[in-house]
Amino acid sequence: MTMSYHVQAGLLCCKGALRYLVLGWLAVVCAGAAAHAAQEPEPRPISSTIAMIGAGDMGQALGNLWAAAGYRVIFATRHPDRLGDVVERAGHGARAATVAEAIDQAGIIVLAVPYAAEPDIARAHARAMKNKVLVNVDNAIERRDGEIAKQAEAVGEAIYSARLFEGTRFIRAFNLKSAHSFPTPDTVDSAEFEVPYTVNDDSVRPIAEALIHDAGGTPVYEGGLENAREY
Ligand SMILES: NC(=O)c1ccc[n+]([C@@H]2O[C@H](COP(=O)([O-])OP(=O)(O)OC[C@H]3O[C@@H](n4cnc5c(N)ncnc54)[C@H](OP(=O)(O)O)[C@@H]3O)[C@@H](O)[C@H]2O)c1
């Protein structure tokens, strides 16, 4: 955490107090945004519950940090029954669920899957994700993801994903950092690294910044998703 963040946050001297203040505020911001999204038939309360779609290297690195920071973390994959060890390592009330259940219960969804999995996930779940916050850490890599990587690169990976998940409040972040270089909950307080991020909706910036801070990073706002072409 940088001094300027503490200053901007009101010179709170206790980091734990700041964290819970941010979480409470996050819930209010999200709920306000959901109410604003308005004409949805059944407006749902959005909370600081995070659905981690993907529980591999990236999903665990981030999920463990956010669980320790006080978010309610739900790990979801195609095989949630195999996530016992993942949930145990994360602790702090983290649990496993199907992708549909996790999305239903979360206000913030994190996609940490191979890029080629995104179209299937979008077909099955994009509708349920509308108006929710979507953090995308995925990179399109041709040797792993095949043709879709070429298509995504042509328009920009963030723009391509945001079109798949149309209607989400989309944040691209964390995709530049190796999963193995993240701090752990034990070392997060002394971590120093920058996290460039782009968004499709300026109102989601405070949420992006809170998530980055709570993972130990310093947010660097890069503008709209078109600027994510640079990284
Ligand atoms: N690793 C890094 O250092 C790093 C750094 C920056 C960005 N990234 C990007 O982050 C993304 C995740 O990378 P990773 O290294 O964490 O991958 P990983 O270790 O291979 O984990 C992928 C996870 O996605 C799940 N998954 C795959 N298909 C799915 C589907 N259709 N629905 C739900 N879950 C699905 C897998 O579980 P099941 O197979 O059980 O479903 C697994 O838990 C990739 O796009 C990668 O390019 C990775």
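## Overall make-up

The protein chain of this predicted model contains ten helices and eight strands. Of its 231 residues, 42% count as buried, and among the contacts between residues at least 6 apart in sequence, 67% join residues at least 24 apart.

In soluble globular proteins, nonpolar side chains tend to be buried together. The largest nonpolar core here has 64 residues, of which Ala-51, Met-52, Ile-53, Ile-109 and Val-110 touch the most other members. The largest share of this core, seven residues, is supplied by α3.

Ile-109 shows what such a position looks like in detail: leaving out residues up to four places away in sequence, Ile-109 touches Ala-51, Ile-53, Ile-103, Met-129, Lys-132, Val-133 and Leu-134.

## Around the ligand

The shell around the ligand is made of 25 residues, and those that come nearest are Gly-54, Gly-56, Met-58, Arg-78 and Asp-138. Two elements give two or more residues to this shell, namely α3 (57-69) and α6 (118-129), and the largest share, three residues, comes from α3. By type, the residues of the shell divide into 13 nonpolar, eight polar and four charged.

Asp-138, which is among the residues that come nearest to the ligand, is placed in the loop between β5 and α7 (142-145). Asp-138 has 25 other C-beta atoms within 10 Å and is therefore buried, since 20 or more are enough for that. Apart from neighbours within four places in sequence, Asp-138 is in contact with Leu-111, Ala-112, Val-113, Tyr-115, Glu-118, Ser-161 and Asn-175.

Within α6, the residues Glu-118, Ile-121 and Met-129 are buried, and because they cover an arc of only 55° around the axis, they are on the same side of the helix. The face turned away from this buried side carries Asp-120, Arg-123, Ala-124 and Arg-127, which are exposed. The buried residues of α6 are covered by elements including β1 (49-53), α5 (99-105), β4 (108-111), β5 (133-136) and α9 (157-164).

## Residues with a positive phi

Most residues other than glycine have a negative phi. Asn-131, which follows α6, has a positive phi near 70° although it is a residue other than glycine. Asn-131 is found in the loop between α6 and β5, and with 18 other C-beta atoms within 10 Å it is partly exposed.

Phe-174 is likewise not a glycine and has a positive phi of about 70°. Phe-174 lies in the loop between β6 (169-173) and β7 (194-199), and because it has 24 C-beta neighbours inside 10 Å, Phe-174 counts as buried. A positive phi is also found in Gly-216, where the value is about 95° and the position is just after α10.

The buried residues of α10 are Ile-207, Ala-208, Glu-209, Ala-210, Leu-211, Ile-212, His-213 and Asp-214.

Strand β8 (residues 218-224) contains Glu-222, which is partly exposed, with 17 other C-beta atoms within 10 Å. Not counting residues up to four places away in sequence, Glu-222 touches Pro-196, Tyr-197, Thr-198 and Asn-227. Glu-222 and Pro-196 are 26 residues apart along the chain, and their C-alpha atoms are separated by 6.2 Å.

Technical notes:
Residues are numbered from 1 along each chain as its sequence is written. This is a predicted model: local features need pLDDT of at least 70, side-chain atom pairs count only at pLDDT 80 or more; totals for chains, interfaces and linings use all residues. A residue is near a molecule or strand if its C-beta atom, placed from the backbone, lies within 6 Å of it. Helices (H or I, at least four residues) and strands (E, at least two) are DSSP runs, numbered from the N terminus. Ala, Val, Leu, Ile, Met, Phe, Trp, Tyr, Cys and Pro count as nonpolar, Asp, Glu, Lys and Arg as charged, and the others, Gly among them, as polar. A residue is buried if 20 or more other C-beta atoms lie within 10 Å of its own, exposed if 12 or fewer, and partly exposed in between; C-beta atoms are placed from the backbone. The arc is that of the directions from the helix axis to the C-beta atoms. Two residues are in contact if their C-beta atoms, placed from the backbone, lie within 7 Å. A nonpolar core is a set of buried Ala, Val, Leu, Ile, Met, Phe, Trp, Tyr and Cys residues joined through C-beta atoms within 7 Å.
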